[in-house]
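Hi,

Here's the structure I said I'd pass on. Have a look at it first, then read my notes below.

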Amino acid sequence: MIGDIRESKECQLKDPMDLFHSGQVVKICAPMVRYSKLAFRTLVRKYSCDLCYTPMIVAADFVRSAKARDSEFTTNKGDHPLIVQFAAKEAQVLCDAARIVCPFADGIDLNCGCPQRWAVSEGYGACLINKPELVKDMVRHVRSQIDNPKFSVSIKIRIHEDLKRTVDLCQKAEAAGVSWITVHGRSIEERHQPVHYDAIKIIKQSMSIPIVANGDIKTLKDAENVHHLTEADGIMVARGLLANPAMFAGYEETPFQCIQDWVDIALEHGTPFTCFHHHLMYMMERITSKQEKKVFNVLSSTSAILDYLNDHYGV
């Protein structure tokens, strides 16, 4: 089920809360469908990323199907601290999923922010921000059924237009024992509108647990600005890290060494070709010309990509 299962029992599990108590802003790789898998997490950890999330996993499928567990969740000894993000709408199903990953991960996160139509229509994701009692119940259940006190239980949310409702949701989750809350500063309806960093700050000021800011953070400078605007304890980045996995280490664009590292890690992990190629397309977006992109983006085999990188960049 879990990559390198021989190693897994020796996983050096960590307490993610130690990061939030370190006095430093916690640098976090977001849960990204298809992208924040083991190979990519391995890459960003080399470049100063403190905490990584898996892509969102539907808890009911994960609990029911060994095949889903094999394909959705892979980890190894170096992949820590690690948070497994689940989509769930029933407390016991979330508990069962948490129990399965508990020996191999450092915490779980309940997705209360995904705005995609399929998720919301199934009762997952962002619709949960309108069900604070259910969220509270799910957090409390996991807290009471997982014996390890260091195992974190967090939630990732979007905001309501009436921010009082969001603060109420967060306070209910805090009372149930949530470890921290990640706030994507947009409502369910908002997609590309500006992020409401002021709302994240109000939530932060209303809580005594750590708050993580998320939304439109593309560079380290953006991360610093958002920290300044929100006073958040952590910064979670999605597309900014896809475009530049070395962002948290202070690089303004993807260094060639990082591309080389990705090639080595991806080949070692047996990363599927499409995923391998897409990551490189993101990483090279800012450092290649239009003409180069035209050629690179249609390459159709790993060997063609390796030849191209060697010929053009000495990678």
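α14 (273-284) and α15 (290-296) each give at least two residues to the lining of the largest cavity. Before I go on, some ground rules: this is a predicted model, where local features need pLDDT of at least 70, side-chain atom pairs count only at pLDDT 80 or more, and totals for chains, interfaces and linings use all residues. Residues are numbered from 1 along each chain as its sequence is written, and side-chain values use heavy atoms, with hydrogens and water left out.

Now the terms. Helices (H or I, at least four residues) and strands (E, at least two) are DSSP runs, numbered from the N terminus. On a 1 Å grid over the protein atoms alone, a cavity is a set of points where a 1.4 Å probe fits but cannot get out, while a pocket is an open set with protein on both sides within 12 Å along at least five of seven lines; lining residues have an atom within 4 Å of a point. Grid points are joined across faces, edges and corners, and a volume is the space filled by probe spheres set on the points.

The largest pocket has a volume of about 1,200 Å³. It is lined by 40 residues, and P31, M32, Q116, A238 and R239 are the closest to its centre. Elements giving two or more residues to that lining include β6 (152-158), β9 (234-237) and α12 (239-243). The largest share, three residues, is from α12. By class, the lining has 20 nonpolar, nine polar and 11 charged residues.

The second largest pocket holds about 530 Å³ of space. Of its 28 lining residues, K37, L38, A39, T271 and P272 are the closest to the centre. Two or more residues each come from α3 (38-46), α5, α13 (256-269) and α14, with α3 giving the largest share, five residues. This lining has nine nonpolar, 13 polar and six charged residues.

Cheers

How values were computed:
Ala, Val, Leu, Ile, Met, Phe, Trp, Tyr, Cys and Pro count as nonpolar, Asp, Glu, Lys and Arg as charged, and the others, Gly among them, as polar.
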